[in-house]
Amino acid sequence: MNGHEEIQPTTNGTSLIPLAKLNEIKVSDYVRECLEKVAVSEGFTNYTLIFDHGARVGDGFVGQILKITIKEVNSDKSLNVLAKIPPDSKVRRDQMGAMQLFEREVYIYNVFLPELVEFQNEKHIKESLGFFNFPKCYFAEHRKEQDESIIIMEDLRDSGHRMWEKSKPINYEHARLLLIALGRLHALSYALKEQRPEQFEKFKSLIDYFSNDAINDTMVAMMTNAMRNAVESLDKDDAKRRAKAMDLADNLVSTLKFALNSDNAEPFPVITHGDCWFNNFLYHYKRKDLPESIVLLDWQIARYVSPVIDLCYFLFMCTDHHLRAKHFDEFLNIYHHSLKEMLDRLGCDVMTLFPFTALLRQMKKFGRVAVIFAALAIPMFATKSEDLLDMDVAAEQLKDQDPSALAEIMKQYAEVIGKNADKINDRMRGVLHDAIRYGYLTAIDVNSRNDIIKKSYQVFTIKRVIFDLHIMHMPVNVLVTLIADQTSVLAEILFAMDHFIPQINKIAEENGFKDFKLIFEKGSDLGFIGLLNKCRIVENDRELSLYCKFLPEDEERNSRFNSFFLFEREVLVYNEIFPIFEEFQHEHWIDRSDKDGFWTFPKCYYANFDHNCPSKSIIIMEDLTIMDFIVKDKFIPSDFNHTAKLFEELAKLHGLSLAINYKNPKALEKFRQLRNPMCFTMQTELMKDIAPRNLSLITKLFQDENEQKIVEKLLPYKNDLWNQIAERLDEAAQQSFSVICHGDVWINNILYNYSDANKDIINEMKLVDWQITHYGSLGSELAYYLFTCVNYESNFMRMKMPI
């Protein structure tokens, strides 16, 4: 006996294409037969089948989802499953290539994923450390001749899984889980290709469907229209970006075919998920809004292409400009670290199969396709599901590829998405800005690679010459005369290098200078994150000395140290956090002359991080060296007096943070999301091997028998130190007594001013380099200094004394 619950369709009055709706549930004999097979295999004998809609309006583009409850009669036993079946509309099936896509997804569930599971089980990969991020499939079948297909899987919503709301850009924690899962998925392809090439060979036939079979005149027209709308999101006077975006709009088909052809990605293609967007992920939460696991759905576009296609698809469609600006480099590191760890477990070498440099090159090579994906998808993401057009009716209108029908549908679609034009334009503008910023919309002919490298070197040399000439006090117009014949991009270089001159002029005027000159002096290029140059504003016998901190020219160095992200963090501290500290202290009658206040940071005259051109980012602050502040020798451990003074100032910093949280909790609320940058820096290529190597060296220091307990305590951390530290740092940030921490308190980031020539009496101190500022444990801040800068024998015991 089978039950059937019907839901009546809604209607829409006068439009050419009605709005999407939930249609009446129609269950074919074939679907019932397949469900009965599942029921019997799951131990049901006398049962009913209760049908309902399994997805919301507008959620399914290729198929429809039914929810079925298999219920044993006169028993509490029941099972909820989802059945994914092709659209009822034959026209829509043909236009969307639905049957070909169903055939692909059935193959993935019946062949590819089971082989991944078998491979991982043979390698003894734990479920928590491998790729098992897909739903249980009870039954999957594709019958080509009968034009029938079905996939029956578990309904994960019963266990608390839920989707991200597609109208909102995804946040950090949800993105992180997806990237970890993708790293593991792609690693399995590399391992199978290397260790079982004959077994993997059959998967190479999973070519991309859309770029090979689905590109017709209608599809090209829709893509072109979407891309031209994307171009219009840019400012009218933004000629350079508009030109680059229009170049892509004029080469859509060739760009897609190039990016989705595995031959162009060799030797790096893998089996990708292919459709990494919101509706294809289900998250499970350990507590409200904090996801602990992810499941990937809808494998119908799985294909053998470059792994970066999945990354581009997700990072540009599902995140927004603000998240990418803060975490893009980190996201690539998270993905690659996950891939590397999985390859390690499988007995493979990431440096041979897919090193980080290869990832970056593939992103450069194929990244422009991300803009096409985003242009098509973002308008739909920003539109409520119930406002989307009925795809069955639209398919009927377009079955003859009538240009007039297509024009009318596009017009109506434009009216629908026009309700959210501001949101769509903002998202799309961010995509274009970022794609251009990362160099993905710069067409590179592989034959001109040597010319590009030569030109890059020439650019670097000219910038150096410009700065040397600035040091000689030569005006900009003289610089142009001297080197205008060097390269066609000189004007752009001059603008980038000379960007901060107007700011310094403004600072001079604000400080009463009128007839002045600027004198530049070479500073330090030894910093991990930023470079320093000195600028003196001189007028007769009056002078103001500034330090200008900016990013290195070296892109590889910036990538290695996550410089963009860290520089932006320091700008945020100077522009947003310190003003809150100052205002709060002033409200409580604590000014800069009051030694009970926290003023242990340099005065900042200007700080800016330019997302579109990071080389223009700069922090301009007071020059503490002319006020006799000095840095202690880092090779000499900190003595008690210096440590005590530092801890007094850290107590003020942490106490101020606690006080603000107590009296005005909203003031610092948004900064609670400031994760310790070390949590992801530890996972970079630069840092990954340091812990095992250094711990191995450290254990050799303990040779006595009575010291073996120390070695036994150290060894468990050898291969997992960074992960354990990151977990503890993240946990600390969630505590109620967490505070704003400097994050990098060591000898080189502390300047002291003394009252005596012997440097025994400390008058004042300043903390610099706030790029690792985060919300976290004050205890970890103190421990960081005590165990890296303090000599145990001479000073550590005195730390027990009250300060």
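Which strands does helix α3 (residues 98-122) lie across? Helix α3 lies across β3, β4 and β5, and runs at about 45 degrees to β5. The structure discussed here is a predicted model. Its chain has 803 residues, of which 51% count as buried, and it holds 30 helices and 19 strands. Among contacts between residues at least 6 apart in sequence, 73% join residues at least 24 apart.

**The five-stranded sheet**

- Five strands form an open sheet with antiparallel pairing, and their order is β1-β2-β3-β5-β4.
- The edges of this sheet are β1 (47-53) and β4 (137-143); each has a single partner strand, so one side of each is left without a neighbour in the sheet.
- From one strand to the next, the twist averages 25 degrees.
- Within the sheet, strand β2 (residues 64-72) pairs with strand β3 (residues 78-85) in the antiparallel sense, over 8 bridges.
- Lys67 has Leu82 in β3 standing opposite.

**Helices lying across the sheet**

- Helix α1 (residues 29-41) lies across β1, β2, β3, β4 and β5 (148-154).
- The direction of α1 is at about 35 degrees to β5, while α3 runs at about 45 degrees to β5.
- Cys34 has a relative accessibility of 1% and therefore counts as buried.

- Strand β17 (residues 750-754) is mostly covered, with 5 of its 5 residues buried.
- Ile750, Tyr752 and Tyr754 point one way from β17, whereas Leu751 and Asn753 point the other way; all are buried.
- Strand β15 (residues 630-631) is joined to β17 by 2 bridges, and the two run antiparallel.
- Val631 has Leu751 as its bridge partner in β17.
- Strand β18 (residues 762-767) also runs antiparallel to β17, and 5 bridges join them.
- Tyr754 stands opposite Ile762 in β18.

**The buried side of helix α13**

- In helix α13 (residues 356-366), the buried residues are Phe356, Ala358, Leu359, Gln362, Met363 and Phe366.
- Around the axis these residues cover an arc of only 155 degrees, which puts them on the same side of α13.
- An α-helix has 3.6 residues a turn, so residues three or four places apart point the same way.

**Salt bridges**

- The count of salt bridges comes to 25.
- Lys204 and Glu201 meet through their side chains in a salt bridge, at 3.5 Å from N to O.
- Lys204 counts as partly exposed because its relative accessibility is 31%, and Glu201 likewise counts as partly exposed, at 46%.
- A salt bridge also brings together the side chains of Glu232 and Lys236, at 2.6 Å from N to O.
- Glu232, at 41% relative accessibility, counts as partly exposed, whereas Lys236, at 64%, counts as exposed.
- Asp238 forms a salt bridge with Arg241, and their closest N and O atoms are 2.7 Å apart.
- Both Asp238 and Arg241 are buried.
- A network of salt bridges links Lys84, Glu105 and Asp298.

- Glu576 is placed in helix α23 (residues 563-587).
- With a relative accessible area of 30%, Glu576 is partly exposed.
- Not counting residues up to four places away in sequence, Glu576 touches Lys670 and Phe671.
- Glu576 and Phe671 are 95 residues apart in sequence, and their C-alpha atoms are 9.6 Å apart in space.

**Cysteines**

- The count of disulfides comes to 0.
- Cys741 counts as buried, because its relative accessibility is 0%.

Note on methods. Residues are numbered from 1 along each chain as its sequence is written. This is a predicted model: local features need pLDDT of at least 70, side-chain atom pairs count only at pLDDT 80 or more; totals for chains, interfaces and linings use all residues. Side-chain values use heavy atoms; hydrogens and water are left out. Two strands pair if DSSP finds at least two bridges between them. Helices (H or I, at least four residues) and strands (E, at least two) are DSSP runs, numbered from the N terminus. Axes are lines fitted to C-alpha atoms, for helices over the stretch in contact, and angles run from 0 to 180 degrees between N-to-C directions. Contact means heavy atoms within 4.5 Å. Buried means under 20% relative accessible area, exposed over 50%, partly exposed in between (1.4 Å probe, protein chains only). The arc is that of the directions from the helix axis to the C-beta atoms. A salt bridge is a side-chain nitrogen of Lys or Arg within 4 Å of a carboxyl oxygen of Asp or Glu. A disulfide is a pair of cysteine sulfur atoms within 2.5 Å.
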